[in-house]
Amino acid sequence: DADILCLQEVDDMAALNAFEYGYLYRMVGNGYRQKFLVEGNDTRGIDVAVLMREETRDGERIEVLDIKSHAGMTYRELKSGAGILPPANPDEKLFKRDCLELDLRIGGEPLTLYVVHFKSMGPGRDGADGRDATMPIRMAEAQAVRQIVEQRFGAGNTARKRFAICGDFNDY
């Protein structure tokens with residue numbers, strides 16, 4: 001009975017509606033009127049999405065102020081750090097799906113959500129296991145999320161801000 005659901009591997013809005021009406025509505029007895037899905041970079045067409053109620057269970061209004069996709073961010077835009085090496089093409093899209101940023105106001109208080117779905121661990125290649133082979137991509141995605149948050153709130157200033165990073169980080 002969550003007020004906000006952050007989802008991954010959503011095919012499209014029709015699938016999101018089917019999930020809500022065919023499963024959630026039957027389970028909890030009411031729906032999620034606010035639905036957000038932005039097409040990301042996954043070649044299979046799976047995206048991140050958010051379902052929200054109009055009010056919390058406590059009766060506080062949930063308002064969406066802004067939505068921003070970071071699917072277009074490239075390795076060129078990533079500040080170097082943490083030993084992350086850019087691919088041969090620095091204009092390659094960094095997020096394998098997206099980092100969807102939502103600015104909300106809940107009961108008059110701001111909250112920013114970052115919804116992610118990092119690169120999967122997949123099968124191993126060239127003698128490395130799947131986790132090790134794909135770790136540099138997940139590390140770059142994590143560094144990019146950090147950069148986005150710090151650009152928004154200021155480096156070293158995030159402890160006093162209301163935000164959450166939600167999603168599938170595809171690691172242990």
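This is a predicted model: local features need pLDDT of at least 70, side-chain atom pairs count only at pLDDT 80 or more; totals for chains, interfaces and linings use all residues.
Colleague: OK. Which residues touch the most other members in the largest nonpolar core?

Modeller: Leu94, Phe95, Cys99, Tyr114, Ala144, Val145 and Ile148 do, out of 15 residues in that core.

Colleague: And which elements give two or more residues to it?

Modeller: Strand β6, residues 109–117, and helix α2, residues 130–153. The largest share is from α2, with six residues.

Colleague: What does Tyr114 contact, leaving aside its neighbours within four places in sequence?

Modeller: Quite a list: Cys99, Leu100, Glu101, Ile148, Val149, Arg152, Phe153, Phe163, Ala164, Ile165 and Cys166.

Colleague: How many residues are in the second core?

Modeller: The second core is separate and has 12 residues, among them Val48, Ile106, Leu113 and Val115.

Colleague: Switching to rings. How many aromatic pairs does the structure hold?

Modeller: Four aromatic pairs. In one of them, Phe118 and Phe169 have ring centres 5.4 Å apart and planes at 75°, so that pair is edge-to-face.

Colleague: Where do Phe118 and Phe169 lie?

Modeller: Phe118 is in the loop between β6 and α2, while Phe169 is in the segment after β7, a strand covering 163–168. The pair therefore ties together parts that are 51 residues apart in sequence.

Colleague: Is Phe118 buried or exposed?

Modeller: Buried, because its relative accessibility is 6% and the cut-off is under 20%. Phe169 comes out as partly exposed, at 36% relative accessible area.

Colleague: What about Phe153 and Phe163, stacked or edge-to-face?

Modeller: Stacked, with 5.6 Å centre to centre and 20° between the planes. Phe153 belongs to helix α2 and Phe163 to strand β7, so this pair ties together parts 10 residues apart in sequence.

Colleague: Why does Phe153 count as buried?

Modeller: Because its relative accessible area is 14%, and buried means under 20%.

Colleague: Which residues do ring pairs link into a cluster?

Modeller: Tyr114, Phe153 and Phe163. Tyr114 is also among the core residues that touch the most other members.

Colleague: Staying around there, where is Thr112 found?

Modeller: In strand β6. Thr112 is buried, at 4% relative accessible area. Not counting residues up to four places away in sequence, Thr112 touches Glu101, Leu102, Asp103, Arg152, Phe153, Arg162, Phe163 and Ala164.

Colleague: How many of the lining residues are charged?

Modeller: Six are charged, alongside three nonpolar and two polar residues.

Colleague: What does Glu9 touch, not counting residues up to four places away in sequence?

Modeller: Ile46, Asp47 and His117.

Colleague: And what about the phi of Asn170?

Modeller: Asn170 has a positive phi as well, about 50°, and is not a glycine. Asn170 is in the segment after β7 and is buried, with a relative accessible area of 16%.

Colleague: Last one. Where is Tyr75?

Modeller: In the loop between β4, residues 62–69, and β5, residues 99–106. Tyr75 is buried, at 8% relative accessible area. From C-alpha to C-alpha, Tyr75 and Glu39 are 19 Å apart in space and 36 residues apart in sequence.

Colleague: How far apart in space are Glu9 and Tyr75?

Modeller: Their C-alphas are 23 Å apart, with 66 residues as the separation in sequence.

Key: Residues are numbered from 1 along each chain as its sequence is written. Side-chain values use heavy atoms; hydrogens and water are left out. A nonpolar core is a set of buried Ala, Val, Leu, Ile, Met, Phe, Trp, Tyr and Cys residues joined through side-chain atoms within 4.5 Å. Buried means under 20% relative accessible area, exposed over 50%, partly exposed in between (1.4 Å probe, protein chains only). Helices (H or I, at least four residues) and strands (E, at least two) are DSSP runs, numbered from the N terminus. Contact means heavy atoms within 4.5 Å. Ala, Val, Leu, Ile, Met, Phe, Trp, Tyr, Cys and Pro count as nonpolar, Asp, Glu, Lys and Arg as charged, and the others, Gly among them, as polar. Rings of Phe, Tyr and Trp (its six-membered ring) pair if their centres lie within 6.5 Å; planes under 30 degrees apart count as stacked, over 60 as edge-to-face and the rest as tilted.
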